[in-house]
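Hi,

Here is the structure I promised to pass on.

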Amino acid sequence: MLVDSHAHLDSVEDLGTVLGHARSEGISEIITAGTSIESSRKCVEIAEQRRIGTRIYATIGIHPQDGENEIKNLGLYQCINSLIQITKTSDRVIGIGETGLDYYETGDTKQVTSKDDKKNQRELFREQVKLAVQLKLPLVIHCRNAWEETFSLLTRHNHYSSSGAKRNREVPIKKFSTSLSTMSSRPNGSNNKLTGVFHSWTGDWNAARKALDLGFYISFSGIVTFKNAQEIQEVAQKVPLDRILLETDSPYLSPEPLRGKTNEPKNVKIVAQFVADLRHLSFEEIAGITSENAGRLFGI
Ligand SMILES: [Zn+2]
């Protein structure tokens with residue numbers, strides 16, 4: 001049993017082969033994350049084609065770098081509305097995201113996120129946080145160089161809505177009751193607090209502590225195996241075991257020693273072995289713990 005808690009199966013060329021590998025390597029579940037309306041629809045479609053072997057679930061959302069054209073064409077509120085409509089089509093939708101803030105800056109400072117871009121990203125992220133609150137679903141967060149803004153936004157919307165219940169009733173109820181009942185066992189002991197995961201963690205321990213205080217989980221991708229990733233490895237050693245998830249972010253971010261090659265969900269085993277070694281645990285222990293965590297967070 002091992003869960004790849006974040007992959008982009010909609011961007012995979014030979015999906016049949018890749019899922020065959022995942023199945024024969026014992027990957028029990030894959031969560032495929034949407035990055036735009038179109039990609040979210042594709043992810044749900046892939047999750048719905050129930051196959052023998054690895055189970056597939058979808059999260060739906062608009063990535064800070066990915067939805068520009070859709071937002072330009074449809075407008076932000078129509079995009080959010082489309083996400084709501086997609087949740088109604090399938091009980092395989094288990095979260096909102098990938099969403100967040102990406103304040104990229106390249107070394108030569110020629111390419112920096114502009115003020116306008118930051119403003120648009122904030123608005124898009126805020127609407128998706130509100131959507132998670134309204135639908136009582138966990139958030140899948142992408143965060144680059146925007147820790148404080150991300151934390152303060154999450155602090156402002158940190159409780160699931162109770163007044164949104166009427167609207168929620170149109171969405172499959174079973175999913176919500178499952179995730180709500182499992183949330184009561186979450187480490188912070190609150191059963192109505194917004195929760196989710198920071199995917200492909202790249203921050204330091206100080207940022208990790210704040211994410212944990214907010215009741216969020218931390219997911220490690222192949223980046224944790226990179227030689228220059230000491231800060232991330234420190235976090236992977238310190239995070240409480242009941243808050244760790246593992247992922248590939250495939251087809252991107254192959255772990256060492258496959259860096260530079262196309263990534264696939266089966267490589268979550270490499271990430272698991274790496275984190276197990278860091279924590280002086282066995283592969284089976286870390287696989288079991290992180291799969292259980294993914295099950296608790298996403299209600300799967
Ligand atoms: Zn991703």
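This is a predicted model: local features need pLDDT of at least 70, side-chain atom pairs count only at pLDDT 80 or more; totals for chains, interfaces and linings use all residues.

The UniProt record, an unreviewed entry, puts a "binding site" feature at H6, H8, E98 and D249. These positions span 244 residues in sequence, yet no two of their C-alpha atoms are more than 10.9 Å apart, so they gather at one spot.

I looked at two of the annotated residues in more detail. H6 sits in strand β1, which covers residues 3-7. H6 counts as buried because it has 29 C-beta neighbours inside 10 Å, the cut-off being 20 or more. Setting aside residues up to four places away in sequence, H6 touches I31, A33, V140, H199, S200, S219, E247 and D249.

H8 lies in the loop between β1 and α1 (15-24). With 21 C-beta neighbours inside 10 Å, H8 counts as buried too. Its contacts, leaving out neighbours within four places in sequence, are T32, A33, T35, S250 and P251.

Now for the helix. α12 runs over residues 283-298, and its 16 residues reach 22 Å from first C-alpha to last, close to the 22 Å expected at 1.5 Å a residue. Its buried residues are I286, A287, I289, T290, S291, N293, A294, L297 and F298.

Cheers

Terms used: Residues are numbered from 1 along each chain as its sequence is written. UniProt positions are given in the numbering used here, feature names are shortened, and annotations may be inferred rather than shown by experiment. Helices (H or I, at least four residues) and strands (E, at least two) are DSSP runs, numbered from the N terminus. A residue is buried if 20 or more other C-beta atoms lie within 10 Å of its own, exposed if 12 or fewer, and partly exposed in between; C-beta atoms are placed from the backbone. Two residues are in contact if their C-beta atoms, placed from the backbone, lie within 7 Å. The expected span of a helix is 1.5 Å times one less than its number of residues.
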